[in-house]
Amino acid sequence: MSPEAAVSVPGKAILLGEHAAVYGYPALVTAVDLRLTVTARVTGDGRITVDGSSEFRTGAMSAAEAMGFSGGAEAPGDRLAYLACGTALAHADAPGGTGLALRIASDIPPGAGLGSSAALSVGVVAAVFTALGLRVAAGTIAEVAKRVEARQHGRPSGVDVEAVLRGGTLWCRRTAEGTLACAPLSTAQAGLTRLELYHTGAPAESTGDMVASVGLLREREPRRVNAALASIEAATLAARDALAAGLDADRALLPLMARAEAALEALEVVPADVARAIRAIEAQGGAAKVSGAGGRAAGGGLVLVLPAPGGAATVPSQWKRLHARLGAPGLLEDVAA
Ligand code: MEV
């Protein structure tokens with residue numbers, strides 16, 4: 001039997017810059033140490049099977065449907081995992097009879113703004129390449145995983161894939177050539193220690209739905225949306241400078257998080273009850289913002305909370321605190337499965 005490749009990938013949190021990143025504005029992102037593990041073994045039976053946690057067994061799609069892979073497999077499994085597997089096999093120009101058995105386990109809650117789909121795309125692509133005996137550059141994994149993300153939700157900026165692949169805390173911005181350039185912000189750790197992560201409930205809308213709804217709003221109300229995007233950009237640039245200078249979160253992030261949150265509310269990506277809870281945190285002297293795509297009706301996904309200096313934040317009882325280190329390592333290969 002061929003050896004099993006095993007990789008692990010963290011989740012991500014967008015500190016500042018979500019939605020604006022889709023339009024080429026910069027973003028600050030950090031890897032969250034909740035990890036997804038993928039193992040892949042070449043079986044040679046022309047079938048692709050996924051036998052991970054139940055979160056990843058919700059759909060059914062063959063790799064042939066996904067990317068024109070000609071192995072003829074029709075196994076049930078998660079659509080995104082098949083799509084990622086099929087995309088990696090197509091990129092590797094793998095022969096039609098190549099079969100793969102994937103196993104996926106994840107601590108990253110889906111629908112929580114924590115990059116579970118980016119982690120799954122990167123994890124499956126990396127594990128498939130390794131199982132095929134290919135040593136590929138991180139840039140190639142990123143390129144293939146971004147193709148998967150693009151099929152999944154239309155217009156991704158690529159920051160989620162970069163965050164989970166590279167790990168640490170990254171400053172990402174689009175270059176004049178239109179590519180996404182991300183650089184580590186190694187001094188950021190001091191600014192992140194007091195940040196708390198809360199899962200406020202999975203939104204009914206997908207990331208693609210939220211990105212599309214901001215796009216529609218921009219067509220209808222370009223002035224409002226462009227002003228909000230510019231405000232997010234200003235907050236992101238100021239946060240990058242403060243974190244680069246090694247400032248702590250109280251001085252670096254408090255007003256900038258509030259500014260970005262106000263802009264996200266103008267983009268209509270914060271459900272009303274989440275916005276009300278954030279007003280209460282602000283009244284306590286703290287700040288909070290939605291992180292990731294957000295939601296419209298109920299469930300805003302991930303919310304980052306910075307309690308008032310020296311204090312604690314009171315949040316709604318239904319918000320679930322996630323205890324995970326920020327600035328975590330990115331893709332790790334050869335992990336214990
Ligand atoms: C989703 O995590 C972040 C968005 O900005 C979309 C993207 O950047 O691809 C909403």
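A cavity, on a 1 Å grid over the protein atoms alone, is a set of points where a 1.4 Å probe fits but cannot get out. A pocket is an open set, with protein on both sides within 12 Å along at least five of seven lines. Lining residues have an atom within 4 Å of a point. Grid points are joined across faces, edges and corners, and a volume is the space filled by probe spheres set on the points.

Now the ground rules. This is a predicted model, where local features need pLDDT of at least 70, side-chain atom pairs count only at pLDDT 80 or more, and totals for chains, interfaces and linings use all residues. Residues are numbered from 1 along each chain as its sequence is written, and side-chain values use heavy atoms, with hydrogens and water left out.

Let's start with the cavity. The structure holds one cavity of 30 Å³ or more. The largest cavity has about 30 Å³ of space. Who lines it? Among the lining residues of the largest cavity are Ala21, Tyr25, Val159, Cys172 and Leu180. Strand 5 gives the largest share of that lining, three residues. Strands here are DSSP runs (E, at least two residues), helices are runs of H or I with at least four, and both are numbered from the N terminus. By class, the cavity lining has seven nonpolar, one polar and two charged residues. Nonpolar means Ala, Val, Leu, Ile, Met, Phe, Trp, Tyr, Cys and Pro; charged means Asp, Glu, Lys and Arg; the others, Gly among them, are polar.

A disulfide is a covalent bond between the sulfur atoms of two cysteines. The rule here is a pair of cysteine sulfur atoms within 2.5 Å. That rule gives one disulfide. Cysteine 172 pairs with cysteine 182, and their sulfur atoms are 2.2 Å apart. The link is right-handed, with 115 degrees about the S-S bond. Cysteine 172 sits in strand 5 (residues 169-174) and cysteine 182 in strand 6 (residues 180-184), ten residues apart.

Buried or exposed, cysteine 172? Cysteine 172 counts as buried, because its relative accessibility is 1%. The cut-offs are under 20% relative accessible area for buried, over 50% for exposed, and partly exposed in between, with a 1.4 Å probe and protein chains only. Cysteine 182 is buried too, at 10%. So is cysteine 85, at 0%.

On to the pockets. The largest pocket holds about 870 Å³ of space. Its lining has 45 residues, and Ser116, Ser117, His153, Ser206 and Thr207 lie nearest the centre. Where does the largest pocket lie? It lies between domain 1 (4-186 + 326-334) and domain 2 (189-322), because both give residues to the lining. Those bounds come from an automatic or database domain assignment. Elements that each supply at least two lining residues include strand 1 (5-16), helix 3 (116-131) and helix 7 (207-220). The lining divides into 18 nonpolar, 18 polar and nine charged residues.

Serine 116 is in helix 3. Serine 116 counts as buried, at 15% relative accessibility. Leaving out residues up to four places away in sequence, serine 116 touches Ile108, Pro109, Pro110 and Gly111. Contact means heavy atoms within 4.5 Å.

Last stop. The second largest pocket has a volume of about 150 Å³. Helix 6 (189-192), strand 7 (196-199) and strand 10 (320-322) each give two or more residues to its lining. That lining has six nonpolar, three polar and three charged residues.
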